[in-house]
Amino acid sequence: MERERMMGKGSLIEKFKKSGITEKTPQNLLINAAVLYANLKYEDGKWYGDLLGATSGGAKVHISSNFEDIEVDGAIVRVKGMTLKQGEEAYIEANLIEMTQDILKMTMVAAQTESDIPGYDLLTTKALLEDSDYIDNIAAIGTLSDGREIIVIMENMLCTSGFEADTKNKDKSVLKCKFECSAGFEDAHDTLPVFIYYPKKKETVVIYTEEMLTAMTVADLEKLAAARGYTLTGTNKDEKIASFLALQNGGIE
């Protein structure tokens with residue numbers, strides 16, 4: 001019965017395909033390297049944040065759950081419903097190529113102290129972590145092949161990879177950084193503050209011509225206008241069509 005119920009959910013398959021490609025595939029490909037932002041926030045309809053730094057070789061976003069199987073005598077295979085989720089982990093890995101002071105402080109877990117050499121700031125490691133060592137959030141912005149953006153935000157990020165830079169002639173130095181996500185004091189402590197904002201499909205807006213509108217009845221024209229939020233003016237069909245075209249063009253005739 002369960003098999004029949006699940007089968008009833010899908011579309012009718014006349015013939016099995018040789019691949020999973022559909023007409024939607026070209027729009028849903030994740031392309032290019034993700035761009036990393038620190039302290040990303042959305043306020044008053046706009047995004048605010050700071051670029052974390054330029055990368056080389058892209059960025060890796062990891063979100064996974066930890067599972068534990070309950071052992072029961074007589075069951076020698078995994079049984080549905082007998083697996084528990086025991087926590088999760090989330091992190092972002094990136095090869096940063098900018099050697100800024102802020103990036104060095106993050107990787108070293110360092111403090112800036114008074115320098116004994118003029119013209120230099122002094123960074124030193126410290127024994128204890130402070131709240132300021134955590135980045136409020138890091139966001140990885142990925143781009144789909146149709147231009148839509150996927151936004152992955154992880155909060156309370158701590159650089160746990162340390163500082164390691166290989167320097168070579170005729171080559172740039174790369175800092176391999178791993179930023180791990182932690183729950184905050186006010187968060188639920190059985191999940192991590194990880195958020196994925198997936199873009200809704202772009203709606204295709206049909207641009208109607210005068211000929212297309214003329215072929216409609218007045219009732220259909222008014223119904224279409226109401227669906228678009230247009231308030232038509234005019235007392236006859238020609239005037240209503242002119243009003244629709246003007247509204248469709250942003251109110252410009």
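A salt bridge is a side-chain nitrogen of Lys or Arg within 4 Å of a carboxyl oxygen of Asp or Glu. Keep that rule in mind as we walk through this model, which is a predicted one. By this rule, the structure has six salt bridges. Let's visit some of them.

Start with E88 and K85. These two residues form a salt bridge, and their closest N and O atoms are 2.7 Å apart. How exposed are the partners? E88 has a relative accessibility of 23%, so this residue counts as partly exposed. K85 is partly exposed too, at 43%.

Next, look for K126. Its salt-bridge partner is D133, with 3.0 Å between the closest N and O atoms. Here the two ends sit in different classes, because buried means under 20% relative accessible area. K126, at 24%, is partly exposed, whereas D133, at 13%, is buried.

Finally, find K240 and E222. Their salt bridge has its closest N and O atoms 3.2 Å apart. K240 belongs to helix 5 (residues 237-248) and E222 to helix 4 (residues 218-227), so this pair ties together parts that are 18 residues apart in sequence. Which of these two residues is buried, and which is partly exposed? K240 is the buried one, with a relative accessibility of 14%, while E222 is partly exposed, with a relative accessible area of 35%.

Technical notes
Residues numbered from 1 in each chain as written. Predicted model: local features only at pLDDT ≥ 70, side-chain atom pairs only at ≥ 80, totals over all residues. Heavy atoms only, no water. Buried < 20%, exposed > 50% of the residue type's maximum accessible area, 1.4 Å probe, protein only. Helix = DSSP H or I, 4+ residues; strand = E, 2+ residues; numbered from the N terminus.
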